[in-house]
Amino acid sequence: MKELPKAYDFRGVEEKWYRFWEERGFFTAKLAKDRPRFSMVIPPPNVTGKLHVGHALNTTLQDIMARYKRMDGYDTLWVPGTDHAGIATQNVVERQLAKEGLSRHDLGREEFLKRVWKWKEEYGGAIIEQLKRLGCSCDWTRLRFTMDEGLSRAVREVFVRLWEEGLIYRGDYIINWCPRCHTALADIEVEHEPTAGHLWYIRYPLVDGSGHIVVATTRPETMLGDTAVAVNPEDERYRHLIGKKIKLPLIGREIPIIADREVDPEFGTGAVKVTPAHDFADFEMAQRHKLPFVKVMDEDARMTEEAGPYAGLDRFEARKKVVEDLEAQGFLEKIEDYEVVLGRCYRCGDVVEPLLSKQWFVRMKPLAQPAIAAVERGFTRLIPENWKNLYYDWMYNIRDWCISRQIWWGHRLPAWTCKDCGEVTVSREDPEACAHCGSKNIVQEEDVLDTWFSSALWPFSTLGWPEDTEELRLYYPTSLLVTSFDILFFWVARMLMMGLHFMGAIPFRDVYIHALVRDEKGQKMSKSRGNVIDPLVMIEKYGADALRFTLAALAAQGRDIKLAESRIEGFRHFVNKIWNAARFVLMNLEGFEKRDLKAEDLPKEARWILSRLSRTVRRVREALDAYEFDQAALAIYHFFWHEFCDWFVEMSKLFLQREGEERALVQNVLLQVLETSLRLLHPFMPFVTEEIWQALPHEGESIMIAPYPQPFPEFEDEELEAELDRIKEAIVAIRAIRADYNLHPSASLRVIVLADKEDARRLFAEFAEMIKLLARVSEVEIREGGERPKGAASAVLTDAEIFVPLEGLVDVAAELKKLDKEEKKVLKELDRVKGRLENEKFLQKAPQEVVEKEKARARELEEKLSRIRENIKRLEELKA
């Protein structure tokens, strides 16, 4: 029998087994038609990415499901890949160029793109290697990239079809514009942040000289582009002004006062400026009232010629100058402090400007309806279910998606504008001439597609679409998508829309939405706070298994994870526990001969652990099938540590001391429980389980392709479990007495069991030897009833009472002195805690969790005080 080293060193083990699995092709899907199938696509990390703790959680949960299903007989495909991450990747390379004193414009588009591809080849694979370090069992033979040849073809096909169906159009539209990244942003790429600002009240004089109307605004620099002032038609204050004209301060342009029901009479003065080229609501209003569009800010956030004397100024410089001039010319009535919600670019953090621009859009409402129905009818399940309402809210109010981006890295739009007739040609192949007039004077669009456009096709494009491939037929729709809630709309909703539209079927059956990983105090991790936990550092310190198990054990549905390094260190101790238990089993397999285990042949202790194991297998399978990863992990943890190691391993020592069949059977039970537990644990802790499993007698090449355990109901015995629980209860009580009275571990204890019921006396008699071994007791005396022994420590059990006579075991005077001192200490602490809980100010001001902590502390101290007083009473009896 192979012996394991004394300590487990994960460093050599993890690399060794990962290479073994990959070389043997265990990760590769088999295209098997005769087996059930399980498929997933990885949310593709950015090619610029480095493994962070959110990735670690996301991919750990996916790997748990992939390994579970693979072991359970499913032909499992887990497609890996990376995203080209348009803006992020371009920014990285542009920063490199800046260090060389160059810009992308110095290189030109073609040379710049060569530089980006070179960067991608050199550094783009880093995150893939990091995923391997974590143990991800992706099918690396099917690794995809959102700009590889196949996916680029799929992107082009989708664009052309949507164009042909009238679902893609080009037009002037108000968009979110990032002046730093120089590109349009989709609504959900804008992060909204409450910020202290101001409300400026400006007098707009009436053209007829009869007075003025006061308008409130948070962006005075945009007033230069006003083309109307709007009031609510029901607002009595302004009814008489509707239809009149005002002269725009500073510029002098005459603009009308219009009535629109969307105006909120409660905001500011109830009269609002209308700036169609620089505000979303105003854009809609202008279309309703056929107002002109005046663009006073350009793509660099500088004022245009339309801004008159402010042309060329930066937007914030212009704001300052406009306010100064309004005040100097008597147009500024007052300024109030006001909280504004600023939109910032999700990439660079710059303040986003609503800007009128010519962009490309996808009409979303026709695509959204089937995707809403798919979730409503349960074809795709969102787990936890509470995300459905948010999904519906977004989908029912969906706006057209701006898909063009003014950068160079990405899928260039397959659209050509004719310089002669002005028409647009959209084509699957690069055209040589205009499709409308035949002119060869055509120019391709400079813009590229939003990164999320290619990502939206991921579940079917990675399987070979638009070709009719075997992979598509077998693995689409995919079984599960694991993702974080922050890309529910960026990505999940769009995949549903595209999958239904182009495949006629949902892209995934289940969407498991995990929460955020926060620090131990529940705060978001950030470099500025210094509370970031780097998964690569954790793997280096504690091993991948410890990190993976920690993340799974904390992944409760719908609840953010509070992660501390100490938790990872704690589960590293669990890895050691598994290792030491395996060493114990292997060291006690001398003379081992395999037996077919039958319940009737086994001692009760062995039947108990097999019953508990079967129930644990059932619970783990149920939890994994319901994506209750924390419940599955904790069920295994509790069984292995607290039932197998703490109890059965100790119980087995009684039988291992004996000869013959009893010893042989218990050896078989130890091995079966260990081996089954390793297979149960493997999806969570792949490395340590493989290392141990290979050292055990086993069948097959690897634990990762061994069958996942099934329950064995023939061994489940509720009555027997209840019996063993009563014996364990007695042992725990005796151990507690030994600890309470500071009785030396080698002190010989005599235990008296008082039980009125015959079956209780029979049970304690049957397990007397086990009680002696595990509680380190020299004698167990069982009585039907009678007088309680004096001077004995006692404990009340479910159906008996136990006593441990203390005479001759303790120095009564010294122990009483110690207990008296302890009693005073506990009383003092209890008074302090109660004082806080009786303090109204504390109860009102302290956070609820702090108050609850103090209440729990008070209960704990009261219980401790009760035990101390009980111990004093018993020792006083010995003095009498």
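1. A residue is called buried here when its relative accessible area is under 20%, exposed when it is over 50%, and partly exposed in between (1.4 Å probe, protein chains only). The structure is a predicted model, in which local features need pLDDT of at least 70 and side-chain atom pairs count only at pLDDT 80 or more, while totals for chains, interfaces and linings use all residues. Residues are numbered from 1 along each chain as its sequence is written, and side-chain values use heavy atoms, with hydrogens and water left out.

2. Helices (H or I, at least four residues) and strands (E, at least two) are DSSP runs numbered from the N terminus. Helix α2, residues 53-71, contains 19 residues, and 18 of the 19 are buried, so this helix is largely enclosed by the rest of the structure. From its first C-alpha to its last, α2 reaches 27 Å, close to the 27 Å expected at 1.5 Å a residue, where the expected span is 1.5 Å times one less than the number of residues. After α2 comes G73, whose phi is positive, near 95°.

3. An open sheet is formed by 4 strands in the order β27-β26-β29-β28, with mixed pairing; two strands are taken to pair if DSSP finds at least two bridges between them. Strands β27 (777-783) and β28 (792-796) stand at the edges with a single partner strand each, so one side of each is left without a neighbour in the sheet. Within the sheet, β26 (residues 749-754) and β29 (residues 801-805) pair in the antiparallel sense over 3 bridges, and L754 stands opposite E801 in β29.

4. Side chains of opposite charge can pair when their charged atoms come close. With a salt bridge defined as a side-chain nitrogen of Lys or Arg within 4 Å of a carboxyl oxygen of Asp or Glu, the count comes to 83 salt bridges. Elsewhere, salt bridges that share partners join K33, D468, E470 and R473 into one network.

5. In one, R288 and D260 have their closest N and O atoms 3.1 Å apart, and the pair links helix α8 (residues 280-289) with the loop between β11 (254-259) and β12 (271-274), 28 residues apart.

6. D450 sits in the loop between β21 (448-449) and α12 (451-455) and is buried, with a relative accessible area of 2%. Apart from neighbours within four places in sequence, D450 is in contact (heavy atoms within 4.5 Å) with E189, W401, C402, I403, R405 and R494. With W401 there is a polar contact between the side chains, at 3.0 Å; such a contact is a pair of N or O atoms within 3.5 Å, where within protein one must be able to donate a hydrogen and the other to accept it, and residues adjacent in sequence count only if both atoms are side-chain atoms.
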